[in-house]
Amino acid sequence: MRAILLLIPATLAAAELFRDDFSRFPPGWLSKPMGLLNGAIQEYHYVEHRGVPTHPWRNPIAHLDSWLAGDEEGKPYLEQHMVNDMPGRTTPLFVTGDEEWAGYTVEASVKPLSLDELAGVVFHYRTSRHYYLFALRGGNEAAILARQPLEPEFRKAEWRTVAVTRFSYDTKRYLRLSVETDGDAILTKIDGQRAIEIRDAELLKGQAGLMANVPARFQDFRVTAGDAAMQGIRRRIDAREALERRLRAGNPAPKLLRKFDTPGFGAGRNVRFGDLDGDGRIDMLIAQNIPRVRGDAFDAISCLTAVTLEGKVLWQSGRPDPRNGLLTNDTPFQIRDIDGDGKNEVVLARDFQLLILDGATGKIRRRAWLPEAARDNKERPHELNGGDSIAFVGADILVKDRYRWFWVFDKDLRLKWTGEGQTGHYPFVTDIDRDGQPDFVIGYSLWNAAGKRLWSNDKKLKDHADGISVGSFGADPAAPPRIYTCSSDEGFVVTAADGAIVKQVRLGHAQTQSVGKFRPDLAGLQIMIANFWRSPGIVTLFDADASILAQREMTPGSTHLHPVNWRGDGQEFALLSGNVREGGMVDGQLRRVVMFPNDGHPDLAYAVLDVAGDARDEVILWDEKRVWIYTQDRPFPGSRVYKPVRNPGFNDSNYRAHVSLPGH
């Protein structure tokens, strides 16, 4: 067994940064498919791995089960075993090391098992969308390629060819590929013979690893560096870690406030928060679910459990079962005072009905059948709609299906009107024309509360909308608002209030979004987004004009990036997850400035709320079995605490953007 990462003093020769013969990996797949719970489980849950722990290696395309281990004539290998059916969109990768690695040599023995596509070694890796590759290709050449971070066309990866040389190979033997780097100088070799020597300055440092678009085997991976390069790497890493230690020391540390168990009735990111029993304190409503028909398109709530944040069960509706805790979609339920009596109700769609439950007891107060499913639906397993998610538009209740239809009901559950379009996942309710009446953006269309579609870009954008925010986030809060959309494979799209597309940044599958004061040194607010499909875990910070301020690959999947008013002084952080190594809170430079203690807490899901009542946020972490709540380890030192204005908790969703506007 051998996997050695030399970033601290060790007994190895100083020239060796990393070495792995893959013998520590058990034979078989390194990850396992999720069954009904597809790779989307990692859109808003933290999942370190789905099978074999691989650290210090990472599978950046976390939703692909690309990698397995085995033995060939008694020698271990790592194999990329899948045929990549979308090489124009993503590539299977396996990477290790540090972003400060520079001036190193990376080498591995490579045996392509097909001649159809690329297989080779990765160097100066920054993200899964930006790195160098030295690879064998087509059976007759070797090439250095540079993956570009932005795409000029929809779903078409951009590669820059750095250099190519003729080289014939077959699938019967291993070839030793190596890349030596020194500043912008790149020297590649095959079996010790020079292949390509060139200068290219696009990327001067980064991680190293493996890549293959076809089945290929790899053995004896090794990264080395000379004394001067090693000293430079160590110096840069030491400086970064020292800075992050100082930043963390200047911030409150998470302190456990309380914890409780959720035996049998717990769930993943399928929770709502609000005062259910009328005592003025926040409670937790946990939904379990059962997928029906196929995948996550016709999911149904199977059990609701109302519990205080001390762990007392208030009521339960349905039969709990721990098998039904996770999900890869929304479910239609919210907490709100629907009748204006000062007490919250639960509004949900269940058993093809729209229901209003008493918040304190869970008893049904009112019900109405949901509309008939459209006859021209491609899939129509049921006569009636089951509901995908719920949002409030003023006092009205909007219920939508997965991607096409929505219905607006009044508070007495009478259907007012119906809408159709590319609805995406979840609407954003706003007053875009500032006339005092609610409007909402759903998908790529703007509607008013009376049922009039004001404009639509449904036919211009080819993939559905994920997180949406609306506001004047620049230096002038009185400027006309804009719509900011995480548009899946269309990237990040900015739209004017009249529907004109102002800017589009194709940086991969833009999934989740939050808006907050992440950079106090800059005017206005900043928008932070996280990618998922085919480039998961890339976090990008934008200004209000959609200019990139910072970008890093930070987490195995996606994350809500929920803004956290942790300090109380106007500096907000974004929460990745509760994981002690890959989670924590990041600042506007994407530095991990708050980390959670290694105390055994859950880290599957999280929420950010003011639980203690001092205007600063607490962090609620949970999984299917338990809930832990963290607060600050020190009181607020000032006299005027920051209290941002957030989009309302009664419009919660696994896909909503989190907007945090300045306030005290």
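Modeller: A word on classes before we start. Ala, Val, Leu, Ile, Met, Phe, Trp, Tyr, Cys and Pro count as nonpolar, Asp, Glu, Lys and Arg as charged, and the others, Gly among them, as polar. Keep in mind that this is a predicted model.

Colleague: Fine. By class, what lines the largest cavity?

Modeller: Its lining has 9 nonpolar, 7 polar and 5 charged residues.

Colleague: Which residues lie nearest the centre of that largest cavity?

Modeller: Glu48, His49, Thr54, Arg58 and Asn59. They belong to a lining of 21 residues. The space inside the largest cavity is about 330 Å³.

Colleague: How many cavities of 30 Å³ or more are there?

Modeller: The count is 6.

Colleague: Which residues lie nearest the centre of the second largest cavity?

Modeller: Tyr44, His45, Tyr46, Ser558 and Leu576, out of 14 lining residues. Strand 43 (573-577) and strand 46 (605-609) each give at least two residues to that lining. By class, the second largest cavity is lined by 6 nonpolar, 7 polar and 1 charged residues.

Colleague: Where does the largest share of the pocket lining come from?

Modeller: Helix 1, with 7 residues. At least two lining residues each come from strand 6 (93-96), strand 8 (119-127), helix 1 (227-249) and strand 41 (548-553).

Colleague: And how does the lining of the largest pocket divide by class?

Modeller: Into 12 nonpolar, 7 polar and 17 charged residues.

Colleague: Change of topic. Where is glutamate 383 found?

Modeller: In the loop between strand 25 (364-369) and strand 26 (389-393).

Colleague: Why does glutamate 383 count as partly exposed?

Modeller: Because its relative accessibility is 46%. Buried means under 20% and exposed means over 50%, so partly exposed covers what lies in between.

Colleague: What is glutamate 383 in contact with, leaving aside neighbours within four places in sequence?

Modeller: Glu372, Ala373 and Arg375. There is also a side-chain polar contact of 3.0 Å between glutamate 383 and arginine 380.

Colleague: How far apart are glutamate 383 and proline 56 in space?

Modeller: 51 Å, C-alpha to C-alpha. In sequence, glutamate 383 and proline 56 are 327 residues apart.

Methods: Residues numbered from 1 in each chain as written. Predicted model: local features only at pLDDT ≥ 70, side-chain atom pairs only at ≥ 80, totals over all residues. Heavy atoms only, no water. 1 Å grid on protein atoms, 1.4 Å probe; cavity = no way out; pocket = protein on both sides within 12 Å on 5 of 7 lines; lining within 4 Å. Points joined across faces, edges and corners; volume = space filled by probe spheres on them. Helix = DSSP H or I, 4+ residues; strand = E, 2+ residues; numbered from the N terminus. Buried < 20%, exposed > 50% of the residue type's maximum accessible area, 1.4 Å probe, protein only. Contact = heavy atoms within 4.5 Å. Polar contact = N/O pair within 3.5 Å; in protein donor to acceptor, adjacent residues only side chain to side chain.
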